[in-house]
Amino acid sequence: IVRDVPHDCRMHDLLEEWPADGSYDFLHLPLSTGGRYAIGYAFISFVTPALAESFEAKRQSRRVPRFETVRRLRIVSAHIQGKEANVRVLQGRPSSRVRASHCRPIIFKDGQLVELCD
């Protein structure tokens, strides 16, 4: 989990900061109930522990450069690990927010972007 993500951050902002370079296969930025604001954290699942450690080393306690905020990112291990487990959790929720295209996670399979299916 990446905590203290700026509230005005959007998925496209994260993708600019954290390019989809094959190091991760799942990225989700939960939004507020109305879908207008990030709720302050993002879920990211790396394809190897070494890539997760590298991401953490580069970004722990740093600000997201394009946002004027005093908040610094805090990167911690999530309770749920792995793309498949995260997808199962999202599919099990009766939340209409996940159905909205701008609220869906970014998921990769074999390097290709795939849609979250019901």
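Is Asp 13 buried or exposed, and what is its relative accessible area? Asp 13 is buried, with a relative accessible area of 9%. Here, buried means under 20% relative accessible area, exposed means over 50%, and partly exposed lies in between (1.4 Å probe, protein chains only).

The model is predicted: local features need pLDDT of at least 70, side-chain atom pairs count only at pLDDT 80 or more, and totals for chains, interfaces and linings use all residues. Residues are numbered from 1 along each chain as its sequence is written, and side-chain values use heavy atoms, with hydrogens and water left out.

Side chains of opposite charge can pair when their charged atoms come close. A salt bridge was counted where a side-chain nitrogen of Lys or Arg lies within 4 Å of a carboxyl oxygen of Asp or Glu. The count comes to 4 salt bridges. Helices (H or I, at least four residues) and strands (E, at least two) are DSSP runs, numbered from the N terminus.

Asp 13 takes part in one of these bridges. Its side chain meets that of Arg 66 at 3.3 Å, N to O. Asp 13 belongs to helix H1, while Arg 66 sits in the loop between helix H2 (49-59) and E4, so the pair ties together parts that are 53 residues apart in sequence. Arg 66 is partly exposed, at 39% relative accessibility. Arg 66 also forms a salt bridge with Glu 16, and here the closest N and O atoms are 2.7 Å apart. This pair, too, links distant parts of the chain: Glu 16 is in helix H1, 50 residues from Arg 66.

A further salt bridge joins Arg 74 and Asp 4, with the closest N and O atoms 2.9 Å apart. Arg 74 lies in strand E4 (residues 74-75), and Asp 4 in the loop between strand E1 (2-3) and helix H1 (11-17), so the pair ties together parts that are 70 residues apart in sequence. Arg 74 is partly exposed, at 43% relative accessibility. Asp 4 is buried, at 17%. Both residues belong to a network of salt bridges that also includes Arg 71.

Strand E2 (residues 24-28) is mostly covered. Of its 5 residues, 5 are buried. Two strands pair if DSSP finds at least two bridges between them. E2 runs antiparallel to strand E3 (residues 41-46), and 4 bridges join them. In this pairing, His 28 has Phe 43 of E3 as its bridge partner. E2 also runs antiparallel to strand E5 (residues 106-109), joined by 2 bridges. There, Leu 27 stands opposite Ile 106.
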